[in-house]
Amino acid sequence: MEQEKSSKKAAVVTGASSGIGLEISRTICKLGYEVFGFGRNFERKEYLKTEFDGGRFHPVVCDLLDTELLSRKLREITQEYEVCILVNNAGVGYYGLHEEVNTKKIQEMVRINLEVPMVLTQMLLRQLKKNRGYVINISSVTAEKSNPHGCAYGATKAALLNFSRSLFDEARKYGVKVTVIKPDMTQTNLYRNADFKEGDEEESYLKPQEVSGAVEYILSQRDGMTISEITLQPQIHRIKRKDKNEH
C-alpha cells in the first residue's frame, strides 16, 4: 500500500477555476502530476477530466476561509497521494482610496492573499519536506513598490513576499524549494472590482499561460538548484480606465 501511495505524486493549486490557477493546473498535469485544484465554483466551465492531460485534474470545491473544511480536504488527499507541489495562487483585490475600501474587503484580502497561503503551507510542509517538494507563491510586482489606490492589496502581497523569503531560508536545508513569482498586470479577472483594466495592446499585459510557463521553468530545474524569485512584466506599462458600465 505504501509503495502504491508513494508513486502517486500530486500537486495542490489554489484559485484553480480560472485564469492563472487554471493554466498552472494544466501545466502541472502535463508534467505527470495529479493536480487537486481548489476553487469555489467549477460550474462556469466544463471541467471534465478529459480537458486535462491524462485526466489528472481533480476539481475541489472549497471555501479556503473554512479552515476546518480545508484541513479535511487536505487529509483526504494526503491519505492517497504524496503532495510534492503547493501553488498558493488564489488572490483577491479591491482598489480605491483606502478610506473607501470597507473593513470586510480589507479582511478578505488579508485572509485570502496571506493567511490562506501561510495556513496551507503549514498543513503540508512536513510532507513537502519528506518529498523534497516545492512551494510556489504567486505574489505581485506591487509587493515591492508603493501602491496608492491599492494600499491594502499591495501590503498583503508584500507580506506574502516576505513570508516566501523567510520560508526559503528556513526550509531549504530540508530540500524544500520555495519560489515566489511576482507578475505585473495580467489578463485575468483579478481587476473585476477595479475601475481600471489592462491596456488594449498585447505588450501591455501578461497572459496566464506566461505565468504558468514560469512555473514549468521552476519545476524543470535540477534537484539542488532553486529559483527563489521571478518577476514577470509586460514590455510596456499601460492601464486603461474602465467605462462606467464596466464596473
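Buried here means under 20% relative accessible area, exposed means over 50%, and partly exposed is in between, using a 1.4 Å probe and protein chains only. The model is predicted, so to speak of a local feature takes pLDDT of at least 70 and a side-chain atom pair counts only at pLDDT 80 or more, while totals for chains, interfaces and linings use all residues. Residues are numbered from 1 along each chain as its sequence is written, and side-chain values use heavy atoms, with hydrogens and water left out.

**The chain as a whole**

- The protein chain has six helices and nine strands, where helices (H or I, at least four residues) and strands (E, at least two) are DSSP runs numbered from the N terminus.
- Of the 247 residues in the protein chain, 51% are buried.
- Take the contacts (heavy atoms within 4.5 Å) between residues at least 6 apart in sequence: 70% of them join residues at least 24 apart.
- The protein chain has an accessible surface of about 12,800 Å², and carbon and sulfur atoms own 46% of that. Accessible areas come from the Shrake-Rupley method with a 1.4 Å probe, and for residues only the protein chains shown count as cover.

**Helix α4 against α5**

- Two packed helices are described by the angle between their axes and the distance between the axes.
- Helix α4 (residues 103–130) packs on helix α5 (residues 151–171) at an angle of about 15 degrees, with the axes 8 Å apart. Axes are lines fitted to C-alpha atoms, for helices over the stretch in contact, and angles run from 0 to 180 degrees between N-to-C directions.
- That angle makes α4 roughly parallel to α5; the cut-offs are under 35 degrees for roughly parallel, over 145 for roughly antiparallel, 65 to 115 for roughly perpendicular, and oblique for the rest.
- On the α4 side the contact includes I106, M109, V110 and N113, and on the α5 side it includes A152, Y153, T156 and F163.
- Sorted by class, the α4 and α5 contact has 13 nonpolar, three polar and no charged residues. Nonpolar covers Ala, Val, Leu, Ile, Met, Phe, Trp, Tyr, Cys and Pro, charged covers Asp, Glu, Lys and Arg, and polar takes the others, Gly among them.

- α3 and α4 have their axes 11 Å apart and pack at an angle of about 35 degrees.
- The crossing of α3 and α4 is right-handed.
- T67, L70, S71, L74 and T78 of α3 meet R111, V119, L120, M123, L124 and Q127 of α4.
- The class count for the contact of α3 with α4 is six nonpolar, four polar and one charged.
- L74 belongs to helix α3 (residues 67–80) and is buried, at a relative accessible area of 4%.
- Beyond its neighbours within four places in sequence, L74 is in contact with V12, F38, L120, M123 and L124.
- L74 and L124 are 50 residues apart along the chain, yet their C-alpha atoms are separated by 8.2 Å.

**Helix α2 against α6**

- Helix α2 (residues 19–30) and helix α6 (residues 208–219) cross at roughly 40 degrees, and their axes come within 8 Å.
- α2 and α6 are therefore oblique to each other, and their crossing is right-handed.
- Among the residues in this contact are I20, E23 and I24 of α2 and V211, V215 and E216 of α6.
- The contact of α2 with α6 splits into seven nonpolar, four polar and two charged residues.

**Loops and positive phi**

- R132 sits in the loop between α4 and β5 (134–138), and its phi is positive at about 50 degrees although R132 is not a glycine.
- R132 is partly exposed, with a relative accessible area of 43%.
- H149, in the loop between β5 and α5, is another non-glycine with a positive phi, near 70 degrees.
- Q233 lies in the loop between β8 (229–232) and β9 (239–241) and counts as exposed at 53% relative accessibility.
- Not counting residues up to four places away in sequence, Q233 touches V141, D184 and L206.

- F57 is in strand β3 (residues 57–61) and counts as buried at 0% relative accessibility.
- F57 and F36, 21 residues apart in sequence, are 6.2 Å apart from C-alpha to C-alpha.

Key:
A crossing is left-handed if the near helix is turned anticlockwise from the far one by less than a right angle, and right-handed if clockwise.
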